[in-house]
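Hi,

Here is the structure I said I would pass along. Have a look at it first, and my notes on rings and backbone follow below.

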Amino acid sequence: MKKFYPAFSLFICCFLTVCSFRALSFTASGAIAVDGGYVRETIPGTVISSAYMTITNSSDKTFTLTGASSKRSPRIEIHEHTMSDGMMRMRQKASITIKGKESVTLQPSGLHLMVFDLPGPLKHGENMPVTLHFSGGQDVNIELPVQGLKKKNTHQKKDNHHHHH
């Protein structure tokens, strides 16, 4: 019987380890993917910017984005543009719900992150670290590239327009 206990103990340890990894796969960092993210270059003379991305929840569980933070900015808020009485309005939101197996896109003229009180300009080619905060105390750390103010037109016909450097 003495030989049975070490083998049984090993089995229990392996079983618990596998169960632990299974549980970890449902944390925000494993179930949440961020794609196509970027932050806008600051307009000269301003201390604000905005960030955009697609957040995908690959789990069956609903996640709620409650905020974001960065060492580059003391304040980042969730905002949404809406059309009301023929006018575009922007308002702060407390959170964004991302249901299981769904994605939410943060984009210009829609949901986005507003980055406030930047101590210095954000310039094209830099990266900005951002931590997305989800309910339950779960965080996802991402690096967002800074994109220039002029958006490239990717829908131009290649036959008619050539760009030379």
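Tyrosine 52 is buried, at a relative accessible area of 8%, and tyrosine 38 is buried too, at 11%. Bear in mind that this is a predicted model. These two tyrosines form an aromatic pair, with 5.2 Å centre to centre and 45 degrees between the planes. That angle makes the pair tilted, because stacked needs planes under 30 degrees apart and edge-to-face needs over 60. Tyrosine 38 belongs to strand S1 (residues 32–40) and tyrosine 52 to strand S2 (residues 49–57), so the contact ties together parts 14 residues apart in sequence.

The count is 2 aromatic pairs. Phenylalanine 63 and phenylalanine 134 also pair up, edge-to-face, with centres 6.1 Å apart and planes at 80 degrees. This pair links distant parts of the chain: phenylalanine 63 is in strand S3 (residues 63–70) and phenylalanine 134 in strand S9 (residues 127–134), 71 residues apart. Both phenylalanines are buried.

Now for the backbone. Lysine 101 is not a glycine, yet its phi is positive, about 65 degrees. You'll find lysine 101 in the loop between strand S6 (96–98) and strand S7 (103–106), and it is exposed, with a relative accessible area of 56%. Aspartate 117 also has a positive phi, near 55 degrees. Its place is the loop between strand S8 (111–116) and S9, where aspartate 117 is partly exposed at 39% relative accessible area.

Cheers

Terms used. Residues are numbered from 1 along each chain as its sequence is written. This is a predicted model: local features need pLDDT of at least 70, side-chain atom pairs count only at pLDDT 80 or more; totals for chains, interfaces and linings use all residues. Side-chain values use heavy atoms; hydrogens and water are left out. Rings of Phe, Tyr and Trp (its six-membered ring) pair if their centres lie within 6.5 Å; planes under 30 degrees apart count as stacked, over 60 as edge-to-face and the rest as tilted. Helices (H or I, at least four residues) and strands (E, at least two) are DSSP runs, numbered from the N terminus. Buried means under 20% relative accessible area, exposed over 50%, partly exposed in between (1.4 Å probe, protein chains only).
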